[in-house]
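Take a moment to turn the model around on your screen before reading on. We will walk through it together, one step at a time.

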Amino acid sequence: MGRHRKQSPAPVRRGSVLALTGLVPAGLVTCAATSGLDGDAGVMPVAEGNDVLGAATLDVDEHLTHALAAQHKKPKPQVKSVALSGDRLAADLPKGTLGMPGISEAAYRAAERTLAAEDPQCHMPWTMLAGIGRVESTHAFGGKADADGNPLKPVYGPVLDGSLAGNAVIYDSDNGNLDGLSGYDRAVGPMQFLPETWKRYAADGNDDGIADPQNLYDAALTTGKYLCDGGLDMRDLSQQSRAILRYNNSMAYVANVMAWENAYANEVAPQPAQLPRI
C-alpha cells in the first residue's frame with residue numbers, strides 16, 4: 001500500500017521528521033524509536049497476572065466471548081471487484097468534518113463501529129482511518145463515489161513495473177482480477193491495497209457479501225483489520241506508528257497520517273507547509 005517505495009538500506013532517523021512537524025504528540029518521537037519498520041504483524045507481550053481467581057474469570061469471559069462471536073460469525077465474503085455502470089451519480093450526503101466527503105466519513109465511522117465490536121482491544125478511531133484515506137486518495141478524489149460507496153471511476157495506483165523511480169517491482173499476484181492487469185500489480189481502491197494484501201485481509205463493510213477494494217465501506221474496514229492485526233492497540237502511540245508503517249515504510253508518511261488524524265479529531269486543519277513530503 002502507500003507509495004510502494006523500495007526499502008531503503010540506510011537506517012531511518014525516525015524522531016527528526018516528527019519533531020519538526022509539531023503535528024503529532026511529542027511522546028511519539030520517543031515511542032517511534034522503539035517501533036519496528038518491518039512489514040510483519042507482531043504480537044505485543046501481555047503481562048500475566050498472578051491472581052488464580054482472576055485468571056479463571058478471564059478464561060470464562062474469553063470462552064463466552066468466543067462462543068458469542070461464533071454465533072454471530074459472518075460467512076466469508078467473496079473477494080472481487082464489481083463492474084458497475086459509468087452513469088452513476090455521486091452521493092449527495094452533506095460534507096463531513098473539515099469538508100470531508102460525507103460518504104467517506106460514513107464509511108470510516110461504520111468501520112470504527114464494526115471494529116469496536118469485533119476487535120475491541122484495538123481501539124481503532126475513525127479519524128485514523130480518515131487520515132490514511134486523506135493521504136492515499138483524498139477520500140476517493142474528493143468523494144467521487146455513489147451512495148453505496150463505490151467510486152464513480154475505479155481507483156488505481158501506478159503500475160509497479162519499475163518504470164516509476166522509487167517504486168518497487170511487484171509481479172502479478174491476482175491474475176488481474178482486482179487490478180485489471182497481467183504481468184505486474186498495482187494498488188487498488190481508495191485505500192490503495194495491493195491485491196495480495198487485500199486477499200488476506202478482505203472485509204465486507206457494507207454487508208453485501210462482497211469484499212471489493214474499490215468500495216469505501218469495504219476498504220475502510222479492511223484497512224482497520226490490517227492495522228489492528230497482531231493485537232495492536234491504537235491508544236499506544238508506538239503501536240499506532242508501527243501499524244501505519246505497515247502501510248508505508250516512511251516516518252514522513254506516519255507524520256502526515258497522524259497530522260490528519262488529529263485534525264479530524266480536533267477539527268483544525270494542518271497547514272500544507274507543516275506536512276513533510278512523502
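Predicted model: local features only at pLDDT ≥ 70, side-chain atom pairs only at ≥ 80, totals over all residues.

Residues are numbered from 1 along each chain as its sequence is written, and side-chain values use heavy atoms, with hydrogens and water left out.

Let us begin with the chain as a whole. It holds nine helices and two strands; here helices (H or I, at least four residues) and strands (E, at least two) are DSSP runs, numbered from the N terminus. Reading from the N terminus, the order of elements is α-α-α-β-α-α-α-β-α-α-α. Of the 278 residues, 44% count as buried, where buried means under 20% relative accessible area, exposed over 50% and partly exposed in between (1.4 Å probe, protein chains only). Contacts tell us about the fold too: a contact means heavy atoms within 4.5 Å. Among the contacts in the chain with a separation of 6 or more, 66% are between residues 24 or more positions apart.

Now look at how some helices pack. Two packed helices are described by the angle between their axes and the distance between the axes. The axes are lines fitted to C-alpha atoms, for helices over the stretch in contact, and the angles run from 0 to 180 degrees between N-to-C directions. Angles under 35 degrees count as roughly parallel, over 145 as roughly antiparallel, 65 to 115 as roughly perpendicular and the rest as oblique.

Find helix α4 (residues 102-118) and helix α7 (residues 216-228), which pack at about 45 degrees with axes 8 Å apart. That angle makes α4 oblique to α7. On the α4 side, the contact includes Ile-103, Tyr-108 and Leu-115, and on the α7 side it includes Leu-216, Tyr-217 and Leu-221. By class, this contact has eleven nonpolar, three polar and one charged residues. For these classes, Ala, Val, Leu, Ile, Met, Phe, Trp, Tyr, Cys and Pro count as nonpolar, Asp, Glu, Lys and Arg as charged, and the others, Gly among them, as polar.

Helix α5 meets α7 as well. Their angle is about 130 degrees and their axes are 11 Å apart, so α5 is oblique to α7. Here Met-128, Leu-129, Ile-132 and Ala-140 of α5 meet Leu-216, Ala-220, Thr-223, Gly-224 and Leu-227 of α7. Seven of the residues in this contact are nonpolar, two are polar and none is charged.

How do α4 and α5 lie relative to each other, roughly parallel or roughly antiparallel? Their angle is about 150 degrees, with axes 10 Å apart, and they are therefore roughly antiparallel. Tyr-108 and Arg-109 are among the α4 residues in this contact, while Trp-126 and His-139 are among those from α5. The contact of α4 with α5 divides into six nonpolar, four polar and three charged residues.

Next comes the interior. In soluble globular proteins, nonpolar side chains tend to be buried together. A nonpolar core is a set of buried Ala, Val, Leu, Ile, Met, Phe, Trp, Tyr and Cys residues joined through side-chain atoms within 4.5 Å. The largest one here has 49 residues, and those with the most contacts inside it are Tyr-108, Met-124, Leu-227 and Tyr-247. Two or more residues each come from α4, α5, α6, α7, α8 (237-247) and α9 (251-266), with α9 giving the most, nine residues. Leaving aside neighbours within four places in sequence, Leu-227 is in contact with residues including Met-124, Ile-132, Leu-232 and Tyr-247.

Finally, zoom in on some single residues. Thr-138 lies in helix α5 and has a positive phi of about 50 degrees although it is not a glycine. His-139 also lies in α5, with a positive phi of about 55 degrees, and is not a glycine either. Thr-138 is partly exposed at 37% relative accessibility, whereas His-139 is buried at 3%.

Leu-181 sits in the loop between α5 (126-143) and α6 (195-201) and is partly exposed, with a relative accessible area of 21%. Not counting residues up to four places away in sequence, Leu-181 touches Val-159, Asp-172, Asn-175, Gly-176 and Arg-186. Leu-181 and Val-159 are 22 residues apart in sequence and 8.6 Å apart in space, C-alpha to C-alpha.
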